[in-house]
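Dear colleague,

I am handing over the structure we spoke about, and my notes on it follow below. Please read them with the model open beside you.

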Amino acid sequence: MRKPQNFQWNEISLGTCYYPEHWDKSLWEEDLERMKAVGIRTIRIGEFAWSKVEPREGEFTYEFFDGFLEVACKAGMKVIFGTPTATPPAWLTEKYPEVLNCRMDGVKFRHGMRRHYNYNSPVYQRLSARIVEKFAGHYASHPSVIGWQIDNEINCEVDVFYSESDTLAFREYLKKKYATLDNLNQELGMIFWNQEYTDWEEVYVPRTTIHDSANPHLTLEYYRFISESAAGFCKMQSDIIRKYKKPGDFITTNGMFGHLDNHRMMDDALDVYTYDSYPNFAYCLEEDPLHSKSLNDRKWSNHLSRVRSICPHFGIMEQQSGANGWNTRMEAPAPKPGQMLLWAMQSIAHGADYVSFFRWRTCTVGTEIYWHGILDYDNRDNRKLREVTEISRLAASVGKLAGAEYQAGFGVLEDYDNLWDADVDVWHRRLEKASKKEIFAASQLSHTPMDYVLLSDNTEYDDLKKYPVLFYPHGLILTEERAALLKTYVEKGGCLVTGARTGQKEEHGRCVMAPMPGLLLELTGTAVEEFTFVGALDGTVCMEWQKEQLDTGIFNDVLETVREDVEVLARYTSSYYAGKPALTQRKAGEGKVLHFGGTFTRETVEAMLRYLGVLSPYAGEIELPGECELCVREKEGNRYFIILNYSVDEQKVVLKREMTDLDSGEKVSGTIQVKGYGVVVLR
């Protein structure tokens with residue numbers, strides 16, 4: 001069972017990221033007053049400013065931020081302080097090069113970027129702990145400080161670590177877990193290609209090989225090790241801050257990145273979780289914005305759903321305000337008029353009760369001179385500033401949304417073992433990417449809101465029971481504990497939908513010598529007879545279900561029934577396995593399980609949601625086009641409908657009962673118009 005979060009915002013509020021070290025002191029007071037004038041009440045500072053407190057090793061000065069906090073206090077501005085460990089100063093990396101992360105071939109990442117350190121250097125751990133102690137010990141008692149952000153975007157830029165310190169720590173991690181080399185060799189399949197170890201000194205983090213094809217089972221274990229290292233680094237800082245922070249102040253970090261168990265990090269170290277939301281990434285010049293049209297920037301609704309699984313009532317530490325891009329990559333156009341408001345409300349619709357824009361003013365120096373803030377280089381009032389004013393006004397109108405629960409019609413199970421295995425195994429990755437994309441598309445276009453749901457060794461039936469339907473698309477790695485939990489969920493009335501390759505592997509990523517779906521075979525009553533990718537010469541392979549021909553995706557498991565109580569719902573209609581079962585159903589206890597042999601397409605998912613009775617749960621109250629997203633939050637008996645129009649064109653929405661427009665306060669019903677990139681919030 002997950003721990004409840006320790007902190008929630010009690011109202012919808014706005015903030016921005018501010019870097020006093022980038023600007024002349026003469027601008028500080030004016031900047032804060034301008035922020036307050038447009039409704040910004042909180043700023044984040046300090047996360048890249050180690051040398052402002054420790055300019056040389058062991059020499060500490062607090063004058064700079066003391067001066068700034070005096071201005072902030074006078075202005076009545078609340079402050080979230082960042083710990084500065086994402087960018088170690090030059091004196092540190094020059095004197096202690098062992099703190100630097102390395103490429104797989106051992107070449108060090110040098111000073112000049114960010115996140116170039118490794119978590120496992122004893123020197124870096126010691127110096128990081130000291131600077132956090134100095135920051136928290138001096139600034140935590142300040143009345144303007146209300147929260148702390150640990151580091152910045154943990155595992156962003158790079159989520160693999162190949163330093164000597166990592167190898168030494170990895171060996172200790174493996175010794176603790178496997179005890180002996182014989183166990184390690186056996187469990188991780190080191191017999192293949194003569195990879196067996198005879199001495200612990202022979203064990204390294206993955207190193208450069210032909211095609212970079214290191215042992216997949218050792219690599220999967222290495223990803224678990226990275227997660228443990230990163231989460232431990234976060235907890236080390238959190239434990240220090242807790243000694244000094246005032247009651248009611250919170251500790252957070254801004255995620256969400258790879259090879260990191262964010263749920264564990266949240267439970268072990270944080271009071272609340274924050275996310276950095278940049279939907280404009282969908283329009284970077286290297287992207288193809290035409291393939292999904294109004295679904296492009298809605299990918300961030302998918303990301304926000306994952307954030308919600310980590311922390312139901314989260315914050316946004318960095319929300320898109322202008323065009324994104326560095327001088328080296330990520331060129332993108334500016335957001336269109338209305339998109340800044342749309343994307344801020346996208347975050348709020350999915351559970352964010354605090355939204356902080358990145359950044360107040362576009363930086364005039366450095367790598368991020370094209371990562372545009374609210375203000376541009378010239379510092380004049382502009383369209384974006386006016387849009388922040390509008391967002392602030394709307395946020396005040398919908399302030400009752402704070403703490404409201406997101407309402408999902410179904411859930412999608414995810415676990416870190418399979419997420420990381422998909423990084424190791426390209427077969428797994430291709431299936432995982434295709435199916436998750438299509439399940440999300442079906443959810444969006446049919447207006448059937450969805451949640452991501454964590455499946456871990458700590459997950460209990462109570463975590464699952466509120467979802468009448470759970471999809472577990474490609475659970476290749478399956479453990480006895482998780483299989484037993486899924487069985488309990490079904491027998492107590494839930495409906496589980498599984499896809500191709502379920503149960504192929506055990507926890508180390510080794511294939512099991514048993515028919516798929518492995519540990520779920522008794523529950524599904526089916527076995528996989530054979531399997532194949534759908535190749536270019538195959539065309540589209542379909543199944544016939546409910547008089548429809550439905551695409552079975554890019555990979556097909558050919559099913560066979562092994563129990564008499566299994567019902568074949570659909571059969572393949574083409575390829576050499578035409579006529580074989582593609583979709584089966586078995587009732588177990590009060591629920592049922594559907595075993596689908598394919599990968600998911602939006603049409604197939606929509607058909608399954610319809611069959612299972614959860615498609616478009618709000619169709620009786622509201623009718624809206626596919627260009628719009630519908631999010632629903634509930635609080636104190638009130639249901640809030642948030643309608644987000646991702647199209648430049650005005651869209652027609654039909655209300656089938658009278659509702660209240662929270663912005664205007666008026667009663668509305670029948671047909672209403674939602675302007676291009678517009679948002680409507682109804683109660």
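Before the sheets are described, one definition is needed: two strands are said to pair if DSSP finds at least two bridges between them. Please also keep in mind that this is a predicted model.

With that definition in hand, one finding is an open sheet of 3 strands, in the order β22-β25-β26, whose pairing is antiparallel. Its edge strands are β22 (622-623) and β26 (667-674), each of which pairs on one side only. Strand β25, which covers residues 651-660, runs antiparallel to β26 and is joined to β26 by 7 bridges, and within this pair Thr660 stands opposite Lys667 of β26.

Strand β11, residues 410-414, runs parallel to β13 and is joined to β13 by 2 bridges, with Gly411 standing opposite Leu470. Strand β14 (residues 495-498) also pairs with β13 in the parallel sense, over 4 bridges, and here Tyr472 stands opposite Thr498.

Lys433 counts as exposed because its relative accessible area is 65%, where the cut-off for exposed is over 50%.

Note on methods. Residues numbered from 1 in each chain as written. Predicted model: local features only at pLDDT ≥ 70, side-chain atom pairs only at ≥ 80, totals over all residues. Heavy atoms only, no water. Buried < 20%, exposed > 50% of the residue type's maximum accessible area, 1.4 Å probe, protein only.
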